[in-house]
Amino acid sequence: MGIMSKSEFLKDSRYIQSMAQSVSNNTGKKLIQIDVSSDTVCAWCFVGKRNLDKVVAASKDRYDFEIRWHPFFLNPSAPKEGINKRKFYEDKYGSRAQGIAAQMTEVFRGLGLEYNLSGLTGNSLDSHRLIYFAGQQGLDKQHNLVDELCLGYFTQGKYIGDRQFLVESARKVGVEGAAEFLEDPNNGLNEVKEELEKYSSRISGVPHYVINGKHELSGGQPPEVFLSAFQAN
């Protein structure tokens, strides 16, 4: 599959939007479709998700939401076996590592969470395969799985490549058959590659949001920015 151009992507998104809009009209509420490109080892992606969740919860009387999660790899060559998370960031950011960790600690505290740099980091491919699989069972399950994975990785020292952690996270949000799906490394692999090309090949960082196929946001935005984007669409 070739890389989809921006014009093709937006055209495809508008078609999906128009098809779904008729369904939304049945509730009398405006449909907001959000395509999110993110990585499960991206702290700002989790921050953005929690802020998005706040505004979604506060806006459900006005809008219907369809949120889809798509893969992105901050470090495509990260080892599958995992490496010490704290050391990885120290090697990557050098003298800036301590300040970045302190900043994230404060940001997470503002969300009522404790930022935890213990444990391992590494390749996130299996988590993206699982997120794709969850989406086949329902967008709510996919959305909740992303939260469960990030909560474990960023606040509990869980490793994003650990099979037991992935399967347990899937079980918590009601995704069935996760262990069997992940057992075959080819399951979901082509779909992840296709989504990378379609949604993430033209961006350089995450989180990245496309709202109703036309309004784009990047970074861990605060709730009011999301609300303004909803009102503009």
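Axes are lines fitted to C-alpha atoms, for helices over the stretch in contact, with angles running from 0 to 180 degrees between N-to-C directions. In this predicted model, local features need pLDDT of at least 70 and side-chain atom pairs count only at pLDDT 80 or more, whereas totals for chains, interfaces and linings use all residues. Residues are numbered from 1 along each chain as its sequence is written, and side-chain values use heavy atoms, with hydrogens and water left out.

The axes of helix H2 (residues 43-59) and helix H6 (residues 139-155) come within 10 Å and cross at roughly 130°. Helices (H or I, at least four residues) and strands (E, at least two) are DSSP runs, numbered from the N terminus. H2 and H6 are therefore oblique to each other; angles under 35 degrees count as roughly parallel, over 145 as roughly antiparallel, 65 to 115 as roughly perpendicular and the rest as oblique. H2 passes H6 in a left-handed crossing (the near helix is turned anticlockwise from the far one by less than a right angle). On the H2 side the contact (heavy atoms within 4.5 Å) is made by Ala 43, Phe 46, Lys 49, Arg 50 and Asp 53, and on the H6 side by His 143, Val 146, Asp 147, Cys 150, Leu 151 and Phe 154. By class, the residues of this contact are six nonpolar, one polar and four charged (Ala, Val, Leu, Ile, Met, Phe, Trp, Tyr, Cys and Pro count as nonpolar, Asp, Glu, Lys and Arg as charged, and the others, Gly among them, as polar).

## Cavities

A search of the whole structure finds two cavities of 30 Å³ or more. On a 1 Å grid over the protein atoms alone, a cavity is a set of points where a 1.4 Å probe fits but cannot get out, and lining residues have an atom within 4 Å of a point. Grid points are joined across faces, edges and corners, and a volume is the space filled by probe spheres set on the points.

The largest cavity holds about 70 Å³ of space. Its lining includes Ser 38, Trp 69, His 128, Val 146 and Glu 195, and strand S2 (63-71), helix H5 (125-136) and helix H9 (189-200) are the elements that give two or more residues to it. This lining has six nonpolar, three polar and one charged residues. The second largest cavity holds about 30 Å³; among its lining residues are Ser 38, Phe 46, Lys 49, Trp 69, Val 146 and Cys 150. H2 and H6 are the elements that give two or more residues to that lining, and H2 provides the largest share, three residues.

## Pockets

A pocket is an open set of points with protein on both sides within 12 Å along at least five of seven lines. About 550 Å³ of space lies in the largest pocket. Of its 29 lining residues, the closest to the centre are Val 41, Tyr 89, Lys 92, Tyr 93 and Ile 100. The elements giving two or more residues to this lining are H2, helix H3 (85-93) and helix H4 (97-110), and the lining divides into 18 nonpolar, seven polar and four charged residues.

The second largest pocket contains about 310 Å³ of space. Val 56, Lys 60, Phe 65, Ile 67 and Asp 140 are the closest to its centre of the 13 residues that line it. H2, S2 and H6 each supply at least two lining residues, with the largest share, five residues, coming from S2. The lining of the second largest pocket comprises five nonpolar, two polar and six charged residues.
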